Amino acid sequence: MKAFEVTGTIDEKGQLILDRPLTLDTPGPVRIIVLLPEPTDEAEDDPDDTPVAEVKASLKRAFQEAKAGQRIPLSQMWEGIDRF
């Protein structure tokens with residue numbers, strides 16, 4: 001069996017609606033595995049939910065630090081990493 005990963009939603013009737021059509025060589029029967037997101041605590045932040053304004057501010061700060069020479073050169077970033 002081949003595996004394809006696509007996203008979609010389950011509507012109010014319980015029907016699966018894919019976000020994009022599958023491009024398969026031949027039509028036929030399939031097996032479906034549905035992965036649902038876990039309910040999370042409201043206080044727990046999803047790392048992918050960082051507000052756009054916060055990301056822009058961080059990038060602006062990083063750019064200013066790089067221009068001022070306050071950043072660690074990439075060639076030195078991994079030095080000593082194997083000690084941990």
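Which residues lie nearest the centre of the largest pocket? I started there and found Phe-4, Val-6, Arg-31, Ile-32 and Ile-33, out of a lining of 28 residues.

**Ground rules.** I'm working with a predicted model, where local features need pLDDT of at least 70 and side-chain atom pairs count only at pLDDT 80 or more, while totals for chains, interfaces and linings use all residues. Residues are numbered from 1 along each chain as its sequence is written, and side-chain values use heavy atoms, with hydrogens and water left out.

**Overall layout.** I looked up the elements and got 2 helices and 2 strands, in the order β-β-α-α along the sequence. (Both are DSSP runs numbered from the N terminus: helices are H or I with at least four residues, strands are E with at least two.) Of the 84 residues, 0% count as buried; buried means under 20% relative accessible area, exposed over 50%, and partly exposed in between, with a 1.4 Å probe and protein chains only.

I noted about 1100 Å³ of space in the largest pocket. A pocket here is an open set of points on a 1 Å grid over the protein atoms alone, where a 1.4 Å probe fits, with protein on both sides within 12 Å along at least five of seven lines; lining residues have an atom within 4 Å of a point. The volume is the space filled by probe spheres set on the points. β1 (8-10) and β2 (16-18) are the elements giving two or more residues to this lining, and β1 has the largest share, with 3 residues. By class, I wrote down 18 nonpolar, 6 polar and 4 charged residues.

**A nonpolar patch.** Next I checked the surface and found a nonpolar patch of about 930 Å², with Phe-4, Leu-16, Leu-22, Val-34 and Leu-36 among its members. (Patch residues have over 30% relative accessible area and no salt bridge, and nonpolar side chains are joined within 5 Å.)

- Leu-16 lies in strand β2 and is partly exposed because its relative accessibility is 42%. Its C-alpha is 9.3 Å from that of Val-34, which is 18 residues away along the chain.
- Leu-22 is in the loop between β2 and α1 (52-67), and its 37% relative accessibility makes it partly exposed too.

Terms used:
Ala, Val, Leu, Ile, Met, Phe, Trp, Tyr, Cys and Pro count as nonpolar, Asp, Glu, Lys and Arg as charged, and the others, Gly among them, as polar. Patches are made of residues with over 30% relative accessible area and no salt bridge: like charges are joined within 9 Å, nonpolar side chains (Val, Leu, Ile, Met, Phe, Trp, Tyr) within 5 Å. Accessible areas come from the Shrake-Rupley method with a 1.4 Å probe; for residues, only the protein chains shown count as cover. A salt bridge is a side-chain nitrogen of Lys or Arg within 4 Å of a carboxyl oxygen of Asp or Glu.
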